[in-house]
Amino acid sequence: MNLFCSAFKAGLLRRSQVEAETIVPRELTGYMNLKGGTFPLQCVITRESLHIEPLDLHQLVKRSQAQERIQIVHQTLRHISKIYSRNLGSVTWAREQVENFRLLLDRQLQELETCVRKSGAGSRQKRNSIVLKYFRKLNKFLKQKRFSDCSWEIIRAETRTRLQQLQFITGQLSRSN
């Protein structure tokens, strides 16, 4: 069980930033920055075809308890993992970077699984419909664009934004609890 989960289980009220970063390490966001660099200009038109409201995780967790926030973090990372398990044939990023990103993401998910499962004395994990709908639309977009290089660049940009939001949320958990 990871350090954050242990502290959460024990009911400790103070956690350090280092412990919060064990949930969404900066490395994950770093991989999104390394993968493709800046957003390609040729993908702007494709981006405009993504008719989806941005997912505002900050707003979503505003009035949530710590456990609900952890579940949303877990759910978001799980959906990101599913997207990056799809057809990656046309991505322009180095395969090694993609694989390292997926391995790091899977490791974080395994650590969070323990925390989410054991919290709440047998309560089922909540499925937040807003998060679910958002990622369904991203998956549909990828399929509609036939997993093109531009569609993957858009997914990379969306992923980077969600990971940055998750880092902020886990930082809040460490300060507020």
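# Legends to the close-up views

**View 1. Phe 147 counts as buried, at 14% relative accessibility (buried means under 20% relative accessible area, exposed over 50%, and partly exposed in between, with a 1.4 Å probe and protein chains only).** The model shown is predicted, so local features need pLDDT of at least 70 and side-chain atom pairs count only at pLDDT 80 or more, whereas totals for chains, interfaces and linings use all residues. Residues are numbered from 1 along each chain as its sequence is written, and side-chain values use heavy atoms, with hydrogens and water left out. Phe 147 is placed in the loop between H8 and H9 (helices are DSSP runs of H or I with at least four residues, strands are runs of E with at least two, and both are numbered from the N terminus). The phi angle of Phe 147 is near 55°, a positive value in a residue other than glycine. Arg 146 is placed in the loop between helix H8 (129-144) and helix H9 (149-176). Its phi angle is also positive, near 55°, and Arg 146 is likewise a residue other than glycine. Is Arg 146 buried or exposed? With a relative accessibility of 71%, Arg 146 counts as exposed.

**View 2. The whole protein provides the setting for the close-ups.** The protein contains nine helices and zero strands. Along the sequence, the pattern reads α-α-α-α-α-α-α-α-α. There are 177 residues in the protein, and 49% of them count as buried. Of the contacts between residues at least 6 apart in sequence, 86% join residues at least 24 apart (contact means heavy atoms within 4.5 Å).

**View 3. Helix H6 (residues 66-83) and H8 have axes that come within 10 Å and cross at roughly 10°.** This crossing makes H6 roughly parallel to H8. Axes are lines fitted to C-alpha atoms, for helices over the stretch in contact, and the angles run from 0 to 180 degrees between N-to-C directions. Angles under 35 degrees count as roughly parallel, over 145 as roughly antiparallel, 65 to 115 as roughly perpendicular and the rest as oblique. On the H6 side, the contact is made by Ile 72, Gln 75, Thr 76, His 79, Ile 80 and Ile 83. The residues contributed by H8 are Val 131, Leu 132, Phe 135, Leu 138, Asn 139 and Leu 142. How many nonpolar, polar and charged residues does the contact of H6 with H8 have? By class, this contact has eight nonpolar, four polar and no charged residues (Ala, Val, Leu, Ile, Met, Phe, Trp, Tyr, Cys and Pro count as nonpolar, Asp, Glu, Lys and Arg as charged, and the others, Gly among them, as polar).

**View 4. Tyr 84, Phe 101, Phe 147 and Trp 152 form one aromatic cluster.** A search of the whole structure finds four aromatic pairs (rings of Phe, Tyr and Trp, the last by its six-membered ring, pair if their centres lie within 6.5 Å; planes under 30 degrees apart count as stacked, over 60 as edge-to-face and the rest as tilted). The pair of Tyr 84 and Trp 152 is tilted, because the ring centres are 5.6 Å apart and the planes lie at 45°. This pair links distant parts of the chain, 68 residues apart: Tyr 84 is in the loop between H6 and helix H7 (95-118), and Trp 152 is in helix H9. Tyr 84 and Trp 152 are both buried. Phe 101 lies in helix H7 and is buried, with a relative accessible area of 0%. Phe 101 and Tyr 84 are 17 residues apart in sequence, and their C-alpha atoms are 9.0 Å apart in space.

**View 5. Thr 92 is found in the loop between H6 and H7.** Its relative accessible area is 54%, so Thr 92 is exposed. Which residues does Thr 92 touch, not counting residues up to four places away in sequence? Thr 92 touches Asp 149 and Glu 153. The C-alpha atoms of Thr 92 and Ser 148 are separated by 9.7 Å, and the two residues are 56 residues apart along the chain.

**View 6. Glu 99 has its place in helix H7.** Glu 99 is partly exposed, with a relative accessible area of 38%. Its C-alpha atom is separated by 9.8 Å from that of Ser 85, which is 14 residues apart from Glu 99 along the chain.

**View 7. Thr 159 is found in helix H9.** Thr 159 counts as buried, at 5% relative accessibility. Its side chain reaches the backbone oxygen of Ile 155 at 2.7 Å.

Methods. Polar contact = N/O pair within 3.5 Å; in protein donor to acceptor, adjacent residues only side chain to side chain.
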